[in-house]
Amino acid sequence: MESALNPYSPGSGRRPIELAGREPEIDTFDLLMAKIRQRRPDRGMILHGLRGVGKTVLLNEFRRQAERADYMVITLEGRDAEGGPAAVRAKLARSLLQAGRKHNNKTAGAKLKTALGSLASFSAKLGVTGIDIGVTLNHGRADSGSIEVDLEEMIEDLSGALAENRSGLVFIIDEMQDLDDGLIAALLSVQHLASQREWPFYIAGAGLPNLPGVLSESRSYAERLFTYRSIGALPANAAESALLVPAAKYGVSFKNEAKELLLDASGGYPYFIQEYGYAVWETAPEKTITIADAKIAIEIGRQQLDQGFFPSRWDKATKAEKTFLRHMAIDGEEGSSTAELAHRAGKKQSSMTMTRSTLISKGVIYAPATGWVAFTLPGMADYITRLNQD
Ligand SMILES: Nc1ncnc2c1ncn2[C@@H]1O[C@H](COP(=O)(O)OP(=O)(O)O)[C@@H](O)[C@H]1O
Ligand SMILES: [Mg+2]
């Protein structure tokens with residue numbers, strides 16, 4: 001089939017042509033947006049799950065929904081490749097300034113202008129200037145230097161002003177588990193305050209399966225602040241739509257066995273469906289995809305994953321960490337007991353805590369329960385096993 005028309009979209013955060021099986025999340029977010037408009041308080045939303053299940057894509061969808069409804073939307077990612085916490089906070093400031101500038105239009109009233117002044121003070125305190133949003137700094141407001149106090153004041157002013165236009169403020173935060181502890185605590189306490197005082201401020205966050213735990217550890221009331229959604233592999237009918245619908249748009253169909261084989265190989269994981277779909281499109285000579293096409297595509301698709309999805313994490317591990325991961329791979333997808341891993345390595349458990357925690361901070365593994373670790377990427381155990389065979 002013609003490569004230029006390939007309708008599949010393997011890659012982090014890439015919007016699929018067919019966003020399958022996520023209607024419940026999209027509807028829940030829609031309802032939240034509607035409730036803001038009616039000034040009926042609701043909860044923010046947290047998506048948690050493994051890599052490649054479609055969390056970023058969903059957050060992007062939420063962002064579009066919120067922007068369409070004319071809310072002020074701030075996007076943030078928990079991690080900055082180089083800069084650490086200060087860089088993430090600077091990004092928050094820039095994102096705020098940008099959104100602030102956009103909202104400082106002809107319809108902006110006096111209250112919003114003052115609030116934008118607080119936003120500017122907040123950003124200046126974080127060291128970000130140079131983006132002129134057309135208001136004067138609101139000195140003495142949101143510029144104490146305490147992130148918790150400043151975030152609260154800024155959000156109070158901003159959401160209060162937006163509320164007058166039946167609008168609100170939405171923070172969209174990806175890889176939220178990677179935010180520094182101080183910023184997480186500040187965000188949670190402002191969200192808490194907002195829900196008590198009915199300020200229209202909501203966080204929609206996404207992250208790894210340990211994100212709910214990270215939030216609860218930061219603030220015990222985090223559990224009650226959000227609607228939590230576990231995002232995972234797609235159920236069978238949605239996985240089928242994710243594979244078939246993009247091709248069908250171009251009059252391409254699958255023989256039943258070809259479809260079954262591809263879906264089986266993908267395990268229903270959105271990333272894998274896109275990768276295999278992409279490969280089969282590149283492989284098939286006719287508009288009906290056969291089992292022979294599917295077999296070759298699975299081979300090629302897996303090679304693609306082995307050169308992209310998996311090494312994106314594997315290559316970040318040190319030699320000692322790789323040994324740890326190899327020991328984990330023996331247990332497969334279900335996760336490993338750290339006691340058993342220590343036993344396997346012939347080491348004391350305490351001597352492995354460093355390796356364990358650096359692997360967690362690198363986002364390769366997470367702790368599903370005390371004394372357990374598991375991979376954050378579906379299929380990682382098999383990948384490591386394949387590596388060992390080379
Ligand atoms: N609901 C879905 N249906 C089909 N494909 C999807 C869906 N959600 C995500 N994808 C695809 O899966 C891949 C991973 O999505 P992404 O949002 O980056 O996952 P995550 O953020 O969970 O790691 C992308 O290639 C994307 O196009
Ligand atoms: Mg993501």
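Let's start with the layout. The protein is divided into three parts: domain 1, residues 23-230; domain 2, residues 236-307; and domain 3, residues 318-389. Keep in mind that this is a predicted model. The C-alpha centres of domain 2 and domain 3 are 31 Å apart.

Now to the ligand. Where does ligand 1 sit? It is in the largest pocket. Two elements each give two or more residues to the shell around it: α2, spanning 55-68, and α11, spanning 270-283.

Next, the domains again. Which of them supply at least three residues each to this shell? Domain 1 (23-230) and domain 2 (236-307) both do.

What is the shell made of? There are 23 residues around ligand 1. They divide into ten nonpolar, eight polar and five charged. Five residues come nearest to the ligand: Ser 9, Gly 13, Arg 14, Gly 52 and Lys 55.

Let's look at some backbone contacts. Each one involves an oxygen atom of ligand 1. At Gly 11, a backbone N or O atom lies 3.1 Å from a ligand oxygen. At Val 53, a polar backbone atom is 3.2 Å from a ligand oxygen. At Gly 54, the distance from a polar backbone atom to a ligand oxygen is 2.9 Å.

How much of ligand 1 does the protein bury? Taken alone, ligand 1 exposes 560 Å². The protein buries 97% of that.

To recap: ligand 1 sits in the largest pocket, and its shell draws at least three residues from each of domain 1 and domain 2.

How values were computed
Residues numbered from 1 in each chain as written. Chains lettered and ligands numbered in written order. Predicted model: local features only at pLDDT ≥ 70, side-chain atom pairs only at ≥ 80, totals over all residues. Heavy atoms only, no water. Near = heavy atom within 4 Å. Polar contact = N/O pair within 3.5 Å; in protein donor to acceptor, adjacent residues only side chain to side chain. Areas by Shrake-Rupley, 256 points an atom, 1.4 Å probe, with all protein chains shown as cover. 1 Å grid on protein atoms, 1.4 Å probe; cavity = no way out; pocket = protein on both sides within 12 Å on 5 of 7 lines; lining within 4 Å. Sits in = over half its atoms within 2 Å of the grid points. Helix = DSSP H or I, 4+ residues; strand = E, 2+ residues; numbered from the N terminus. Nonpolar A, V, L, I, M, F, W, Y, C, P; charged D, E, K, R; others polar. Domains from an automatic or database assignment.
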